[in-house]
Amino acid sequence: MGKMRSSSISYFNFSSYSTSVALFASLYSIYFVLISANVNGFDSVIQLPTSASVRNTTRKSETLFDVGDFGAIGDGITDDTNSFKDAWDKACSSASRSKIVIPGGYSFLVRPLNFAGPCRSKVSLRIAGTILAPKDLEVWDGLNPRKWLYFRSMKHLTIEGGGTINGMGQEWWARSCKVNKTNPCQHAPTALTFHRCNNLKVRNIEILNSQQMHLAFTDCKHVAVSHLAVLAPADSPNTDGIHISSSTQVNIKDCTIGTGDDCISIVGNSSRIKVRNIVCGPGHGISIGSLGKSNSMSQVYNVHVNGASISNTENGVRIKTWQGGTGFVRKITFESVWMENVSNPIIIDQYYCDSLLPCSNKTSNIRIDSISFVGIKGTSATEKAITVACSDSCPCRKLYLEDVQLTSFSGDPITSFCWEAYGSSSGLNYPPPCFSCNDSILQPTVLSNWSQSI
């Protein structure tokens with residue numbers, strides 16, 4: 001790395017972001033709340049990854065490819081895209097297991113880049129330094145505006161290292177139609193996308209300030225995600241933390257997520273998703289959906305969220321569908337979730353409409369059944385702590401509440417609201433459930449017995 005020089009430019013300073021300061025203050029307060037409340041489901045305290053925690057062991061049969069050996073400078077100004085591409089091409093074509101090293105202490109400016117597979121052998125990326133996106137939006141002219149770092153058709157890929165991926169999204173946010181309604185609504189890049197990847201591991205990295213979504217999995221199988229810090233200001237638009245689409249057998253655990261949109265969003269044709277030990281906030285909570293937009297068909301089933309702390313968010317745990325869609329959401333469990341100052345702690349909304357124009361009433365909707373809320377506790381920022389607004393044509397069925405204990409953050413009374421919602425409850429619940437009780441007693445829905453190591 002003799003050619004490289006440390007950058008004197010600071011691209012991300014937490015002290016310069018009042019929202020980030022508030023975020024970290026809230027995360028540390030959550031830590032003490034969890035200790036005092038002894039919330040079930042939290043086996044460990046979530047910590048931000050550091051490069052010091054990364055193991056420095058290298059397999060004897062593993063070939064190392066340092067991006068500095070391919071001409072990368074790492075000063076945060078020089079374009080290092082071609083060096084990254086050359087290192088990837090060399091590692092991907094190697095007959096032996098390969099590791100691409102992005103060293104600590106350097107900031108690498110990288111334009112939109114496709115990391116294409118399949119590769120001849122297993123590949124890993126050790127990100128110890130910082131990868132920066134271009135600030136200039138014109139870099140994407142003529143390119144797919146949804147992509148920045150894009151991995152496709154990979155098997156047994158591992159990304160780790162304790163480093164940082166910074167989307168530098170401030171200019172994208174300023175041009176969003178959600179920030180300024182006079183701006184045209186347009187797509188923006190996802191910082192890190194994995195498409196058609198199998199047996200994938202993403203762990204021990206920090207993802208900051210994405211242009212739009214931070215981390216997306218589309219059409220992936222056997223995914224393990226752990227020990228991530230995903231952070232952006234609360235007012236950054238559409239900056240979902242982790243987005244799962246058309247994927248199955250995805251494990252997410254021990255992550256800290258605070259953005260301007262959903263901490264975790266799970267959409268069409270996804271199944272067998274496990275989420276455990278998540279700190280979420282600010283943002284829009286943990287969501288199934290939105291589903292069914294433009295009369296589309298979606299199926300989401302076998303999702304288990306077990307152990308989360310959600311604070312200062314617009315929603316807690318949520319299912320949201322557009323009118324007119326088809327398909328189903330079933331066998332979903334939200335369990336052992338602590339809420340602090342959360343608007344809409346529990347919400348099922350089958351009249352979702354994220355549009356500048358009013359949405360018309362439709363006779364069809366996605367069917368929702370076998371949904372369990374178990375051990376949801378904490379404080380609500382809104383009068384309606386539980387909202388279950390289901391379709392007239394497709395009522396929600398087999399809903400179940402157990403030991404849901406919510407109080408008002410401000411001390412005011414809180415209520416439940418239900419529409420076309422059928423189910424049952426057990427244990428002590430507050431506010432009192434409002435389900436119509438003609439469904440048979442339903443025990444909590446859990447995933448079938450499958451596991452995946454991280």
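Which cysteine does a disulfide join to Cys-390? The partner is Cys-396, with an S to S distance of 2.0 Å. A disulfide here is a pair of cysteine sulfur atoms within 2.5 Å.

A quick word on the ground rules. This is a predicted model, where local features need pLDDT of at least 70 and side-chain atom pairs count only at pLDDT 80 or more, while totals for chains, interfaces and linings use all residues. Residues are numbered from 1 along each chain as its sequence is written, and side-chain values use heavy atoms, leaving out hydrogens and water.

**Disulfides**

The structure holds six disulfides. Number the bonded cysteines in sequence order and the pairing reads 1-2, 3-4, 5-6, 7-8, 9-10, 11-12. Here are some of them:

| Pair | S to S distance |
|---|---|
| Cys-263 and Cys-280 | 2.1 Å |
| Cys-390 and Cys-396 | 2.0 Å |
| Cys-418 and Cys-434 | 2.0 Å |

The S-S torsion of Cys-263 and Cys-280 is about 85 degrees, so that disulfide is right-handed. Cys-263 sits in the loop between β16 (248-258) and β17 (264-267), and Cys-280 in strand β18 (residues 270-280), so the pair ties together parts 17 residues apart in sequence. (Strands are DSSP runs of E, at least two residues, and helices are runs of H or I, at least four, numbered from the N terminus.) Cys-263 is buried at 0% relative accessibility, and Cys-280 is buried at 0% too. Buried means under 20% relative accessible area, exposed over 50%, and partly exposed in between, using a 1.4 Å probe and protein chains only.

The link of Cys-390 and Cys-396 is left-handed, with -100 degrees about the S-S bond, and both cysteines are buried. For Cys-418 and Cys-434 the torsion is about 75 degrees, so this one is right-handed. Cys-418 counts as buried at 18%, whereas Cys-434 is partly exposed at 26%.

Then there's Cys-197, which is in no disulfide; the nearest cysteine sulfur, that of Cys-220, is 4.8 Å away.

**Cavities**

On a 1 Å grid over the protein atoms alone, a cavity is a set of points where a 1.4 Å probe fits but cannot get out, and lining residues have an atom within 4 Å of a point. Two cavities of 30 Å³ or more turn up; volume is the space filled by probe spheres set on the points, which are joined across faces, edges and corners.

The largest holds about 40 Å³, and its lining includes Phe-84, Phe-115 and Leu-125. β6 (123-127) and β8 (147-152) each supply at least two of its lining residues.

Key:
On a 1 Å grid over the protein atoms alone, a cavity is a set of points where a 1.4 Å probe fits but cannot get out, and a pocket is an open set with protein on both sides within 12 Å along at least five of seven lines; lining residues have an atom within 4 Å of a point.
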